[in-house]
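User: Please take a close look at the aromatic side chains in this structure and at the segments around them. I would like one connected account with every cut-off stated.

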Amino acid sequence: MNRSKFIYVVISLLFLLIFAGCEADLINTNMENTNQQETKKIDALVPLGSSGTLTLSPAQDGRVFEIEPDDAADDATYFASQTWTWSGKEGSVRSLLQFNLNSLPSNAVVTNAWLYLYHHPDISHSSQSSSNASYLERVTQSWNAGMANWNNQPAVTTTNRVYLSQATSSTQDYTLNVTAMINDMRQYGNYGMRLKLATESRYARMYFASSDYTNSAYHPKLVITYTLGGGEDSATPFDGELGLYSFAVNNDVADIVKHGITFTIAYHDPKYYNSTQLDPWLDECAAAGLKVVLQVPAVYVNSGNITAIRTFINIFKNKPAVVGWYLYDEPSSSGLNLIDIWIRCTSAYNAIKALDSKPMVICFNHTNKEEMGNFKNCYDIAALDIYVCFRGEGEYAGMSSFITGVENGQYIALKEAGKPYIIIPQAFGWNPVNGYTARLPTDGESRFMHYYPILRSASAACNWSLNYCLKSLPLIKEAYPWSGTTWLTSDYPGEKVFMWRREEFAALQPALAAGALGSGVPYYTNHVLSQVFRNPNTGIYYLILVNESGNTVSALEDLNVPGYTRVQSQFDDYHWVINLDSSQRFIANLRPYQVMIFKLLP
């Protein structure tokens, strides 16, 4: 090789290395270097709506002993509650137990959870002079079996604790319904359980075998039955679609549809309550294929005017564009008594259902999860307002609040109320006239705020754009170059906050509407969500990864989808093709809050 060719090759290699180092989306295919990686597995693909059973062994257990307050016993063969005397000194024993719930799919709806405790073959139950009735309570702080002792034992809550009645025999086994406790762990954090006597008074004890007992047949076990959320029972008229939350009538329907929007939650001023204004607009929506969730006039609901509500429903229920009814907006923000609103919403809901079977939507502030639960009999679909991007705050500063809001929706609406939910993410910026201190979300924030809820079993995303294009003004010397005067107009940089979704959602919508494919094997681990979707029309599989943390992470994706040997990145400028190893694995590096989408290739 001559000198000039050698220099050319070296420069080319340096260029490639620099480029690769700058591109955070590059895929690392070295399967041996897996430090700080997150192992993901998608196995035995099962459609949403299916049921499953999971049997778990303890991840850790231990006991704390009042007489030896600094002693940790992670190898005790018993799981016990006891008050007794030792060498004349009275003390109590409490026990800790924890199961790893990571193998439970993140969109699983737990229908039953049973804890099986088996008597200790060598130490019997006893109520010698006091009752050995006990409580199993949820632990609220982290602990380690090798370090937990009486002095530092973790705190517990009495909420949804389980009562173990006094043993009727010295070898009694117990089967405990811990469904509510497991659901609480999924919502508030899984730190395990604690067993203690209901009244710690000598002489009483309840003794079970722990996971350290020599015969594994006596070990505790947790059996969970579940269904995968998002199946037919939780379907909406717009699953996997992109919507617009905005005023009715005065929007350009053709322009809305042009941007890939397929449905709208349409609220309106009193002057639009009659058919003269709404009829032509709804007909235009029907002609363009835009589905409408039409607001029931708030003045009718707030006043309890059931006659006016019935008249309104009868006028518009047969309009082809109308696929649902918007019953109420943020009850806690109305300034009215919540009990009165609940009574009126209940009456309105029942009156509307008697006339029309279309689903009803109530929109909630994402921070008020109790309200979502209290109103669960007044809606068929919950919508969550989540607006977290503000001027002066850096990119992704509001994403932790966004995650909390989505988790509230997933837990209260989907798991507790059994109703589907949709997200109304922010799609507006600053306006000095109305006093908004918001800013337009960045492209990365916007992608996260759409895909993260979908992977958390939200049915759809419906953007609030402040009346479609309402003056989201830039600030002089604004630190965010993506802020523009409008959101959807192509003349302004705000366009890129939204336009990418038109292509993506058009391609992915059939797959998203069909629902994620899950399994009993963990595909959610340590801040990376990972789900596979299949387009029923084309048979194409898509893998969607979302980093829900503010850190850069590497996810080791362990696929088990027969017949596929490669994945190709989608909706980016590179379309990387990555070969899977012999175990169908590959490594993806994700920036903070990054979304990555891959198509599976044979």
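Analyst: A residue is called buried when its relative accessible area is under 20%, exposed when it is over 50%, and partly exposed in between, with a 1.4 Å probe and protein chains only. The model is predicted, so local features need pLDDT of at least 70 and side-chain atom pairs count only at pLDDT 80 or more, while totals for chains, interfaces and linings use all residues. Residues are numbered from 1 along each chain as its sequence is written, and side-chain values use heavy atoms, with hydrogens and water left out.

By the cut-off above, Y396 is buried, with a relative accessible area of 19%. Y396 is not a glycine, yet it has a positive phi of about 75°. It is placed in the loop between strand 20 (381–386) and helix 9 (399–416); helices (H or I, at least four residues) and strands (E, at least two) are DSSP runs, numbered from the N terminus. Y396 belongs to one aromatic cluster together with F402, F448, Y452 and Y593. Rings of Phe, Tyr and Trp (its six-membered ring) pair if their centres lie within 6.5 Å, and planes under 30 degrees apart count as stacked, over 60 as edge-to-face and the rest as tilted.

Helix 10 is mostly covered, since 12 of its 13 residues are buried.

Just after helix 10 comes S457, with a positive phi of about 75°, although S457 is not a glycine. S457 lies in the loop between helix 10 and strand 22 and is buried, with a relative accessible area of 10%.

Strand 22 can be read next. In a regular strand the side chains alternate between the two faces of the sheet. In strand 22 (residues 461–464), A461 and N463 point one way and C462 and W464 the other way, and all are buried. Strand 15 (residues 242–247) runs parallel to strand 22 and is joined to it by 4 bridges; two strands pair if DSSP finds at least two bridges between them. In this pairing G243 stands opposite C462.

E241 is found in the loop between strand 14 (221–228) and strand 15 and is buried, with a relative accessible area of 10%. Leaving out residues up to four places away in sequence, E241 touches T262, F263, K291, S459, A460, A461, F505 and Q509, where contact means heavy atoms within 4.5 Å. The side chains of E241 and T262 are joined by a polar contact of 2.4 Å; a polar contact is a pair of N or O atoms within 3.5 Å, within protein one must be able to donate a hydrogen and the other to accept it, and residues adjacent in sequence count only if both atoms are side-chain atoms.

Over the whole structure, the search finds 18 aromatic pairs. In one of them, F312 and F316 have ring centres 4.9 Å apart and planes at 55°, so the pair is tilted. Both residues lie in helix 6 (residues 306–316), 4 residues apart, about one turn of the helix, and both are buried. By contrast in geometry, Y541 and Y564 form an edge-to-face pair, with 5.5 Å from centre to centre and 80° between the planes. Y541 lies in strand 26 (residues 541–547) and Y564 in the loop between strand 27 (553–559) and strand 28 (566–569), so the pair ties together parts that are 23 residues apart in sequence. Y541 and Y564 are both buried.

Charges also sit over rings, a term that requires NZ of Lys or CZ of Arg within 6 Å of the ring centre and within 35 degrees of the ring normal. The charged end of R205 sits over the ring of W84, 4.8 Å from its centre, and K419 lies over the face of Y379 at 5.1 Å from the ring centre.
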